[in-house]
Amino acid sequence: MRNEELGKGEVRFTLHTPHYFMELALEQAELALCMDEAPVGCVITQNDKVIASGYNRRETDQNALAHAELAAIRAACEVTGFWRLADCELYVTLEPCPMCAGAIIGSRIRRVVFGAFDPKSGAFGSVVNLNDFPFNHRPEVTGGVLADRSGAMLSAFFAELRKRQKLP
């Protein structure tokens, strides 16, 4: 399906577009934000239907592995009953880090769509591009989808965190 033009630069997102699924990933990021976590959210689709989702829980779980992508991949494997997710697409609000990019490659996810680029730890182009290495799988990657909204949510969160940390 395609986006519908509404006038004055507005676009209504219809089902089955990267923007629609990124909107759902942003909803997951908002759940993380409500838990005082870095607002990163993720959804995984199969045949244009959401089968799994996740959001950051590193602080809540006190676990370095509690990234949005890993939670969603784990849930997708449970739903499909299989570790290979070759017919799936992953939508995440922030460019995956090396750990998450490795899990994406390892699970054979077909396509990755991310919002904001991550100049500090992005592993699909910002710091390194794991697709440049001779791994046995290379997902299709599209970055910058709703990047302004994803980036604004992250920037506001970290600005508030820095402000709180300066208080006695």
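A pocket here is an open set of grid points where a 1.4 Å probe fits, with protein on both sides within 12 Å along at least five of seven lines.

**View 1. The largest pocket of this predicted model.** Welcome to the opening close-up. The largest pocket has a volume of about 670 Å³. Its lining is made up of 28 residues, and those closest to the pocket centre are Ala38, Arg58, Leu94, Leu154 and Phe158.

**View 2. Elements around the largest pocket.** Helix H2 (58-61), helix H3 (68-80) and H5 are the elements that each give two or more residues to the lining. H5 supplies the largest share, with 7 residues.

**View 3. Arg108, a residue with positive phi.** Let us now turn to the backbone. Arg108 sits in the loop that runs between helix H4 (98-106) and strand E6 (111-116). Its phi is positive, at about 65°, although Arg108 is not a glycine.

**View 4. Leu146, a buried loop residue with positive phi.** Look for Leu146 in the loop between strand E7 (140-143) and helix H5 (147-166). Leu146 is not a glycine, yet its phi is positive, at about 55°. Is this residue, Leu146, buried or exposed? Leu146 counts as buried because its relative accessibility is 17%, and buried means under 20%.

Note on methods. Residues numbered from 1 in each chain as written. Predicted model: local features only at pLDDT ≥ 70, side-chain atom pairs only at ≥ 80, totals over all residues. Heavy atoms only, no water. Helix = DSSP H or I, 4+ residues; strand = E, 2+ residues; numbered from the N terminus. Buried < 20%, exposed > 50% of the residue type's maximum accessible area, 1.4 Å probe, protein only. 1 Å grid on protein atoms, 1.4 Å probe; cavity = no way out; pocket = protein on both sides within 12 Å on 5 of 7 lines; lining within 4 Å. Points joined across faces, edges and corners; volume = space filled by probe spheres on them.
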